[in-house]
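Here's a quick question-and-answer look at some charged side chains. Have a look at the structure first, then read on.

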Amino acid sequence: MKVVVIGGGVIGLTSAYQLVRDGDCVTIVDARATGGGASEVNAGWVCPAESGPVPAPGMIGQAARWMLRRGSPLYVKPSLDPSFLWFMLRMARHCNRADYRAGMEALIRLAEGTMALHDEYRADGVDFEMHADGLLMAFLDGTKWRAQQEHLDIAARAGLEPTILDGEAARATEPALSEHVQGGILFPHERHLDPAAFVRALRGRCLELGVEVVQDEPIQRVEMEGSRVVAVHGAGQRFAGDAFLLATGAWSGTLSKAFGASLPVRPGKGYSVDLPAFGLRRPTYLTEAKVAATPLDGGLRLAGTMEFGGLEESIDPVRVEAIARAPEAFFHSWPMPKAPQLGAGLRPMSPDGLPLIGRMRRLDNAYISSGHAMLGLTLAPASAAAISDLILRGHRRLTLAPFDAERF
């Protein structure tokens, strides 16, 4: 079987890698260079324990307060576009406790085995930087710290062993934390990796296994015969296949229209700020600021913000400065960076905060894997294994039921 994977981000690359290992002939077609954007400028966390969907209880009120601050962790650019308004209203409907907990349980089930799969990748020659130091959530607000504990039963049942720490214990675990930190939650089994190294290594291994990689070829037309896709057309090439997988991240909503699906995937922009090493022991989530701090071999990465707008990756200096200043309250002796390396990427968001993984409506041989939001690295290997099983054998794993693309 020949499979055409449209999109060369972390979801497209892991999917192609799994498909070729399972015996398919695979072509990746990307509108630009593979592995860019959100796939390389994210926090680098592999964090099943922190797999809650973006729509969460209290998000609507918090968003309303933040709307007046351009540098706030969450920002929605005003728009009268009907599809945008529909998306945001649907997202607001999912900002409740029941949907949040159900979504978290589904995401943790999908992520089960992700550590073993990442180890499998490395054993197969996908060489990238990865650490197993756990993950710490730090809280300045004791009320928020206690509220977060309400959902720890889900992680505990999954064997992720969350540990509640008071301020003193949190500082003993991470000496960089300041006296302002009121409490913490430690997830000992989480990992982190260098995302840029990961997607580079995946691309290299895909090429070694015989995957054809075509870059700078945006898909412009989908050729169909009845309920089957025959080929997709780029600016200058035609790509025929037996099956087609749409994995174009934040662009999936737009491109799905060419397949007659019109799926609700929209961009949520995030930023990264790369700095010299700071001496942090493990990845730390600065909860109130919604900023992830990740120590890597080459330095420290700060990543954060969620900006709902259009398909553009410009960097807003006000939002970058807010990320760079966020550690001041959480860490003692924080040196405000002078010339950090900056990045921006568009995360693929869905109205309920869950990925879309499965067959596209009314099509026999077209599939989608998108909408992974901020969990691309966490969910990519398991998503790839599941979609390969579906494409090759027609077997839909039970873990995919909550993510069926036809729910929209």
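**Charged pairs, and how we can tell**

Q: Why is Glu 307 called buried?
A: Its relative accessible area is 5%, and buried means under 20% (exposed is over 50%, partly exposed in between; 1.4 Å probe, protein chains only), so Glu 307 counts as buried. By the way, this is a predicted model, where local features need pLDDT of at least 70, side-chain atom pairs count only at pLDDT 80 or more, and totals for chains, interfaces and linings use all residues. Residues are numbered from 1 along each chain as its sequence is written, and side-chain values use heavy atoms, with hydrogens and water left out.

Q: What makes Arg 319 and Glu 307 a salt bridge?
A: The closest N and O atoms are 3.1 Å apart. Arg 319 sits in helix H12 and Glu 307 in strand S18, 12 residues apart; helices (H or I, at least four residues) and strands (E, at least two) are DSSP runs, numbered from the N terminus.

Q: How do you know whether Arg 319 is buried or exposed?
A: Arg 319 has a relative accessible area of 0%, so it's buried.

Definitions and conventions. A salt bridge is a side-chain nitrogen of Lys or Arg within 4 Å of a carboxyl oxygen of Asp or Glu.
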